[in-house]
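Hello, and welcome to my notebook.

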Amino acid sequence: MQLAIDGAPPVRSTFLPYARHLIDEDDIQAVADALRSDWITSGPRVGRFEEAIAQYVDAPHAIAVNSCTAALHLSLVALGVGEGDEVILPAETFVASANAVLYAGATPVFADIDPRTWNLDPQAVADKLTPKTRAIIPVDYAGLPCDLAELGAFGLPLVTDAAHSLGASYQDKKIGAVADLTCFSFHAVKNLTTAEGGMITTANPEWADKLKSLRSHGIGRDAWKRFGSGGGWFFTMDELGFKVNLTDMAAALGMSQLKKYDQRQSRRQEIAKRYAELLSGRDDLHLQHLPTDRVSGWHLYVIQLADGAHRVGRDQILEALRAENIGVNVHFIPAHLHPFYQQQGWKRGDLPTTEHHFDHCLTLPLFPAMTDQDVDDVVTALEKVLGAYRR
Ligand SMILES: *Cc1c(COP(=O)(O)O)cnc(C)c1O
């Protein structure tokens, strides 16, 4: 069959993006209400949003911040991770996960992924442990929860990067209620958005207090009570914190999005199921292996092209699919292959399974407003392109 990249008509006449945020009139109204209220920065809506997320994931404490990057950074600081410490994490993630370790003053140590789930491989973690290892960052790749029981067995704190996995579950518990600290992202492209935003959930009340101080300069939240000043003007700065609080406008958007979240998550699940039905059993690509004790948050639908099945590489296949008007993408360029991390001594060859996945992965469109016809178009284009380049 003639490909659009060679001048033939594309499978679709309009471009289907790989992701698209969904903002409705209720969301807009909620933000407008916040803007008309007495608070626009961190106020009562932030508190209500924290309570709602804590309840949603069944965690005792939730602390709102302005990004998942800040959530990861503050979590490490709250654990006391710093200079001279090592933190193990996968390189198959957005650079934020590794950068947060450096912000805390510690050293990121990349471990390889499992070849089937594409998540951090506990055996690879075991190989990277040293007396300096102070924490592990499991990244729930594409929304699939990591093996938290096996990773927890090392006896080190788990700071989950759950940017993809709000609403996912591990052994019948929601992500956010399992790891020591769980960090969520509400960036525009994520399943629930506040444009920019993040949240940390934990069961530990001391860490929760510490995080609340760290997010606003290290100013104790009940300092004025402790010092007995009823006037409301007195505060103390007790440690060097940061300035990463969430606004009430953002929290209003988050609250409004959360009301519709389960409904949108079930649509994501339906789409993923349809892809799996239409794409499973092919010998030219692999789907993500989903262990039966987990429910994915389905942030991304990633496939891996089978090694040696095609005459051209992933990049050519990606371009051919885009010419068919299918917005495929790549998640992620592994952190250790970026120039900055190569300057720190990392190189190609250090993480073979991660590199193999990167060289063969493709992210297919997945967002709740997609129709079944959109899914079928993706599959039609994929069959057309993979068929044309078949070895
Ligand atoms: C988006 C993302 C982040 C960063 O989230 P921000 O809220 O933009 O800081 C971290 N980790 C992963 C895996 C992500 O996809």
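**Entry 1: α2 and α9**

I began with helix α2 (residues 44-57) and helix α9 (residues 248-259), which pack at about 35° with axes 8 Å apart. Helices here are DSSP runs of H or I with at least four residues, numbered from the N terminus. Axes are lines fitted to C-alpha atoms over the stretch in contact, and angles run from 0 to 180 degrees between N-to-C directions.

I noted that this is a predicted model, where local features need pLDDT of at least 70 and side-chain atom pairs count only at pLDDT 80 or more, while totals for chains, interfaces and linings use all residues. Residues are numbered from 1 along each chain as its sequence is written, and side-chain values use heavy atoms, with hydrogens and water left out.

The crossing of α2 and α9 is left-handed (the near helix is turned anticlockwise from the far one by less than a right angle; clockwise would be right-handed). I then listed who touches whom, with contact meaning heavy atoms within 4.5 Å. From α2 come P44, R45, V46, R48, F49, A52, I53 and Y56, and from α9 come D248, A251, A252, G254, M255 and L258. By class, I read 10 nonpolar, one polar and three charged residues in this contact (Ala, Val, Leu, Ile, Met, Phe, Trp, Tyr, Cys and Pro count as nonpolar, Asp, Glu, Lys and Arg as charged, and the others, Gly among them, as polar).

**Entry 2: α3 and α7**

Next I turned to helix α3 (residues 68-78) and helix α7 (residues 205-214), with axes 10 Å apart at an angle of about 125°. That angle makes the pair oblique (under 35 degrees is roughly parallel, over 145 roughly antiparallel, 65 to 115 roughly perpendicular, and the rest oblique). α3 and α7 cross in a right-handed way. L74, S75, V77 and A78 of α3 meet W207, K210, L211 and L214 of α7.

**Entry 3: α11 and α14**

Which residues make the contact between α11 and α14? I found I317, A320 and L321 on α11, and A381, L382, V385 and L386 on α14. I counted seven nonpolar residues there, with no polar and no charged ones.

**Entry 4: the ligand**

How many residues surround the ligand? I found 16, the closest being T69, D161, H164, S185 and K190 (a residue is near if one of its heavy atoms lies within 4 Å). A polar side-chain atom of D161 sits 2.7 Å from a ligand nitrogen atom. For H164, a polar side-chain atom lies 2.7 Å from an oxygen atom of the ligand.

Methods
Helices (H or I, at least four residues) and strands (E, at least two) are DSSP runs, numbered from the N terminus. A polar contact is a pair of N or O atoms within 3.5 Å; within protein, one must be able to donate a hydrogen and the other to accept it, and residues adjacent in sequence count only if both atoms are side-chain atoms.
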